[in-house]
Amino acid sequence: MLKNVLSGLIFLALVSSAFAQEPLLINAYNRNTTSLNGYWKYIVDPYENGYYNYRYEPFDQQKNPSKGAYFLNSKPDGPSDLVEYNFEKMDSLLVPGDWNTQKERLFYYEGTVWYKKEFDYALSKESNRAFVYFEASNYKTEVYFNGKKLGSHVGGFTPFNFEVTHLLKKKNNFLVVKVDNKRVKEGVPTLNTDWWNYGGLTRDVKIIETSESVIQDYFVQLDPKNKNNIKGYVSLNGQKKAFADVEISIPKLKIKQKLKTDNSGTVAFEIVAKNMTYWSLENPFLYEVSIATKAEKITDTIGFRQISTKGSKILLNDVPIFLKGISVHEESPIRDGRGASEEDAKKLLQWARELGCNYVRLAHYPHNEHMVRLADKMGILVWEENPVYWTISWKNEGTYENAKNQLSEVIDRDKNRASVIIWSMANETPTSKARNTFLTNLANFTKRKDPTRLISAALEQRDYKGNKFIRTIDDPFADVVDVLSFNQYIGWYDGLPEKAAKINWKIEQNKPVIISEFGAGAKYGLHGNKYTRWTEEYQEYLYIETLKMLSRIDQLQGLSPWILVDFRSPRRVLPEIQDTWNRKGLISEDGKKKKAFFVLKNFYEKKE
Ligand code: GCB
């Protein structure tokens, strides 16, 4: 009996540790990788029949799961053996890609889809390690390799990886992934959003091969307090991570710094660097930075700059800047659905450039890494956002942990990108004690993790002391943020565009103000007078009036109107106008510019 209990406990311990998320390898961009993109076999499984047995117990938590478990990729032993699925005979989905826009029958689907990919892989050195890396998968993902569970991940927009070294074979490896995009109340985001819940392996999947002692993480940034100092840390992972030699080199600065890790495998450093070319909008200069151990070397391109605030100003390298921005969703402007490729990012950022932008708000969740890498190269500043949207379950501890984890993963991924200047905690969240605590804890966590960037959140505005014509921000979270941002829809959800002329602002916080959203719906090609909803003229009129109104805010330091391109949302059902598209784009989903595009472009051209 005791023996049974003990072996049960040991088994449970093994299972639960196997479920833990493994340390993220940053800079998957410049590592030794093999792509697993391409066609994957898939099974649609709305009842999660391949995950639970008929007593609703997960197969992957049983000692000897039956052949019905899809992660086993079972094959019948002979003609009399019963196996009720067969990946081989199934249709395929392209990875990266959402399933909704690839298969008509999955357009509105929310549930589980199983993916399977087979591949051969030989490590280039016996002692090397291999990891399977997912740049994102929406929303809950269970990963199995050669019939064993690697772990799971929650959150649709951030990267995660699992080590596969111990299970890897030279031939016929099979990776089975369960992706479930069911919306859940306690989730992040929650049930209710205004964008399409694209499911699937939406970004790149790859094998990363590393040496035994892998350079897992590093932070190499300009010291926010000293412009002649490069500061950060390097972290190794593996058997030999303790007291290991590490060298950071930045050839163009003639820097070669030798370091030694502590017993946890980490080393913090500060390097004096004189005569640096700072990363700026005019000259987005990126240095080649290499980090090397005895066994491996990894290279990155990093820009050095300072971002700070002083009173109501935002300073880039001590010089005040005005953020000429636009909000962007991560939809492909080239093919249908979720965007994930470099070409998608290029086109979106080129449009932003054409509009005169020096800044983009990546709404409402972390976008793919191409966006920030390109923004780094192009000299475009970036706001990155955690998908804490509207009515999250503020009191639920698991929801907080989930939000924190997603934020932590995007900070891990992008903390060396000069373009990223703002971490946004949330969008349009209703104030309450629980919400204020939730967001304040997130902000404190972020400041500790990355003290080099600014914190914000898209808040809401209200009447000032009951006066409908004076607007203010009286959200307690305004005291926590570095940059005070808010969304406002005067002229669309709140009266007609002419109302803007009557509104004044009384913003009492001595902080920079960014208008994170304003906008109006217009169907490209629909014309009429400026009072007719959905016409390009209405949207144009709203932009003209809104820009005049916002210019009366003394502390105004930037804008990111809603939004660059029309995007899909199941909330938007008006026939012949919306047909599942939110029409507040300045560009239609097929790339045509609406009249308001040119109003904003003109405003940005004239703005210092
Ligand atoms: C908002 C939300 C955004 C919506 C937009 C709209 O305030 O932040 O996600 O899409 O309004 O179009 O209503």
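Here, a residue is buried when its relative accessible area is under 20%, exposed when that area is over 50%, and partly exposed in between (1.4 Å probe, protein chains only). What you're looking at is a predicted model, in which local features need pLDDT of at least 70 and side-chain atom pairs count only at pLDDT 80 or more, while totals for chains, interfaces and linings use all residues. Residues are numbered from 1 along each chain as its sequence is written, and side-chain values use heavy atoms, with hydrogens and water left out.

**View 1. The whole protein chain, before we zoom in.** The secondary structure of the protein chain comes to 7 helices and 33 strands; helices (H or I, at least four residues) and strands (E, at least two) are DSSP runs, numbered from the N terminus. Along its principal axes, the C-alpha trace spans about 75 × 60 × 45 Å. The radius of gyration of the protein chain is 25 Å, which agrees with the value near 25 Å for a compact globule of 608 residues. That radius is taken over C-alpha atoms, and the globule rule is 2.2 Å times the number of residues to the power 0.38.

**View 2. Strand β30 and its parallel partners.** On one pairing, strand β28 (residues 484-487) runs parallel to β30 over 4 bridges; two strands pair if DSSP finds at least two bridges between them. Here N487 has E517 as its bridge partner in β30. Another parallel pairing, over 3 bridges, links β30 to strand β31 (residues 556-559). In that one, I514 stands opposite G558 in β31. To get from β30 to β31 the chain goes through helix α6 (residues 536-550), and this β-α-β crossover is right-handed. In other words, with the strands pointing away from the viewer, the path from the first strand over the helix to the second runs clockwise.

View 3. Is I514 buried or exposed? I514 is buried, with a relative accessible area of 0%, and its place is in strand β30. P575 sits 61 residues from I514 along the chain, and the C-alpha atoms of the two are separated by 34 Å.

View 4. With strand β17 (residues 297-302), β16 pairs in the antiparallel sense over 6 bridges. The two make a hairpin, with 4 residues between them, and S290 stands opposite T299 in β17. Strand β13 (residues 245-250) also runs antiparallel to β16, joined by 3 bridges. In that pairing, E247 stands opposite A292 in β16. If you're tracing side chains, remember that in a regular strand they alternate between the two faces of the sheet.

**View 5. Two cis peptide bonds.** V95 and P96 are joined by a cis peptide bond, with omega about 0°. P96 belongs to the loop between β3 (92-95) and β4 (112-119). The peptide bond from W562 to I563 is cis as well, with omega near 15°. I563 is found in the loop between β31 and β32 (567-568).

View 6. N27 isn't a glycine, yet its phi is positive, near 55°. This residue is in the loop between α1 (2-18) and β1 (32-35), and N27 counts as buried at 3% relative accessibility. E428, also a residue other than glycine, has a positive phi near 45°. The loop between β24 (420-427) and α5 (433-449) holds E428, which counts as buried at 15% relative accessibility.

View 7. The structure holds 1 cavity of 30 Å³ or more. On a 1 Å grid over the protein atoms alone, a cavity is a set of points where a 1.4 Å probe fits but cannot get out, and lining residues have an atom within 4 Å of a point. How much space lies in the largest cavity? About 130 Å³, where grid points are joined across faces, edges and corners and a volume is the space filled by probe spheres set on the points. There are 13 lining residues, of which N138, R183, P189, T190 and N197 lie nearest the centre. By class, the lining has 5 nonpolar, 6 polar and 2 charged residues; Ala, Val, Leu, Ile, Met, Phe, Trp, Tyr, Cys and Pro count as nonpolar, Asp, Glu, Lys and Arg as charged, and the others, Gly among them, as polar.

Methods: 1 Å grid on protein atoms, 1.4 Å probe; cavity = no way out; pocket = protein on both sides within 12 Å on 5 of 7 lines; lining within 4 Å.
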